[in-house]
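Hi,

Here is the structure I promised to pass on.

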Amino acid sequence: MILEAIKTPQDIKELSPLKLAKLAEKIREKIISVLSTNGGHLGSNLGTVELILSLHKVFDSPKDKFIFDVSHQAYTHKILTGRNSQFETLGKMGGLSGFTHPAESPHDHFHLGHAGTALSQGLGLAHTRDLNGESNYILPIIGDATLTCGMSLEALNNIPPNLKHFIVVLNDNAMSISKNVGVITNILSRLISNPTTHKLHEGIHALISKIPGFGKNLSRHTQKAVSSLKNLVSPAAFFELYGLHYIGPIDGHDIKKLVDTFNDLKSTAWPVIVHVLTQKGRGLEPAVKSPVTWHGVKPFDRVTGKFLGSGPKKETFPSLFGKEILKMAEEDPSLVAVTPAMLAGSCLDPFIEKFPTRCLDVGIAEGHSVTFAGALALDGSKKVVASIYATFLQRALDNLFHDVCLQEIPVLFAIDRAGLAPYGGTHHGIYDISFLNAMPNMVIAQPRNGKLLRELLRSAFHYGKPCAIRYPNVATEEGEGALSFRPEGKAEVLREGSDLLILGVGQMNELALELHQRLKARGIEATVVDPIFVKPLDQALFKELLSRHQTVVTIEEHSVQSGFGAIFNHFLMSHKIQGISVFNFGIPEQFIGHGSHGELLHLVGLTADKIEEAIVKVCTTAETR
Ligand SMILES: Cc1ncc(C[n+]2csc(CCOP(=O)(O)OP(=O)(O)O)c2C)c(N)n1
């Protein structure tokens, strides 16, 4: 059957396992082809093709509900559920999202992107189903790294032993983005790869079969006993303690086996977990060989396996963070870094290679990572950097408040991916200033370039307080010359003018400087100031500037409701500074979708054209008044 003919999952119901296997190859081919131009989550999707085909063959979506954890691995599901013809638009602005999204299809039940939710959501749906007296199947599809999320364990603990038609699919590829970490990985892999376990089984069989006379028979009869023994050393014991019946491990690329297993499970009267082993990157050799690099990819050349890009690799804020923090660690043995499963994205790979005991990947466990970082830094003997993506830090708000700020522990938070993210609504890092600002003793800074980032990283431990340095994943310059100490709360005047004051946060200063030039050409002289510190504000400088400017423009790549602009407005009010017109530019209060960084900035009006137009309007209206 050709892929184009599949409009709904019904179209695959009659296909034999052999035909499904052929279809799997076509889907894999399509994923590779589209991702080679669009980029996206490659490795996990190549691994789940047969699994998702089998699920759609056996179950009846959308009545039966598949809940994909994170949902970055659901491309085959998209292709099978009427979105094949749009698949070329994947990740493009206005096109298909890289994640499940109910606005796209009734087969998608949640718009997801953060890990660890599928079990809780599955349980919620199952309870509603039962209260409604319905009997459809609920199938959370979780990765092995999902089980490193505390929330997943909380949900496991909450599964009623008599919950029917609840089938958890554990898609185990032994990888998070980087290698999966912690005890869970040992539990999952101990039967499969532990040589001691294998030896144990072999040893038992060999011993029994040597008993004279009835050795062979006994060996056969004791299969059951041996399988009970296996249970002791298999993941079954772990899941069965939670009341989940364990099935597996099953080869996640054997469609017949998968289909048969899922069919068998339809009649079980208790909750089940099916342990499926898949290979990340299957079907694309470089992706199999380097699963970390090929987890999320930029466009690439299918023949050479090389990533496409224009010219030499540019430094970005995260890459400079990775370099500088490694230098600092080399100079100072008390420096320790913590990451919740984002070693590669946060550019900490070289750090962990050089100092494996001082770079700690705690799994997808943001809350734990923050509390852990606080305790690591408690006695003052360690300088602790917690490197966390802005969007994922949202998971750890109470840990930030209760376990670090309230304790007044000077952890340094390196807040990566602050700003709009190409992946869309689930990944934008645009709310962190709001909640960080609420913490009484927090310092919040944002560098406008790489050199300032390096200076802030080196200055932050001198403040003696919890400090957050937020930065986006965009290109920047490393900067030359000696690094200066940046005193807490000290802003920097970048251009002097008299008509208007522009305050740009972080990389928005580039925009502010461009506006300065454009306005100059129109006869408007703007002062441009980089606050550097969103908190505390440079009050003395701002008061002085406000004595000679009546119009202020704030620009930030953060929610305008509760970011720097709002903090500045509050400063004006609380200091009773009157007669100032303020215009706050930032991200409006709405959920923003996916697209390139440039497209998203354009969408929310954070471009020189749009801000210039607004400023000119204001200035000319003021003149004619
Ligand atoms: C709360 C949260 N933290 C971090 C991430 C980043 N992240 C996306 S996928 C992923 C790894 C998921 O691993 P696993 O669940 O095993 O699925 P696989 O990608 O191996 O298929 C991580 C850490 C996230 N999406 N959500």
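A quick definition before the contacts: I call a pair of N or O atoms within 3.5 Å a polar contact; within protein, one atom must be able to donate a hydrogen and the other to accept it, and residues adjacent in sequence count only if both atoms are side-chain atoms. This is a predicted model, so to speak of local features I needed pLDDT of at least 70, side-chain atom pairs count only at pLDDT 80 or more, and totals for chains, interfaces and linings use all residues. Residues are numbered from 1 along each chain as its sequence is written, and side-chain values use heavy atoms, with hydrogens and water left out.

Let me start with Arg454. The side chain of Arg454 reaches the backbone oxygen of Glu478 at 3.0 Å, and also makes a polar contact with the side chain of Glu324, at 2.8 Å. Arg454 sits in helix H20, residues 450-460 (helices are DSSP runs of H or I with at least four residues, strands are runs of E with at least two, and both are numbered from the N terminus). Is Arg454 buried or exposed? Arg454 counts as buried because its relative accessibility is 9%, where buried means under 20% relative accessible area, exposed over 50% and partly exposed in between, with a 1.4 Å probe and protein chains only.

Now the ligand. It is surrounded by 23 residues, and the closest are Ser44, His72, Ala115, Met175 and Glu366; a residue is included if one of its heavy atoms lies within 4 Å of the ligand. The shell divides into 9 nonpolar, 10 polar and 4 charged residues. For those classes, Ala, Val, Leu, Ile, Met, Phe, Trp, Tyr, Cys and Pro are nonpolar, Asp, Glu, Lys and Arg are charged, and the others, Gly among them, are polar. A polar side-chain atom of Glu366 lies 2.7 Å from a nitrogen atom of the ligand, while Ala115 has a backbone N or O atom 2.8 Å from a ligand nitrogen. Asp144 places a polar side-chain atom 3.3 Å from an oxygen atom of the ligand. On its own the ligand has 580 Å² of accessible area, and the protein covers 98% of that (Shrake-Rupley method, 1.4 Å probe).

In general, most residues other than glycine have a negative phi, and most peptide bonds are trans. The peptide bond from Gly248 to Pro249 is cis, with omega near -5 degrees, and Pro249 belongs to strand S5, residues 245-251. The bond from Lys535 to Pro536 is cis too, with omega near -5 degrees; Pro536 is in the loop between strand S17 (533-535) and helix H22 (539-546).

Val70 has a positive phi, near 65 degrees, and is found in the loop between strand S2 (65-68) and helix H4 (75-83). Val70 counts as buried, at 15% relative accessibility. Ala341 has a positive phi near 70 degrees, lies in the loop between strand S8 (335-339) and helix H15 (349-354), and is buried at 5%.

Last, Ile27: this residue is in helix H1, residues 17-38, and is buried with a relative accessible area of 0%.

Cheers
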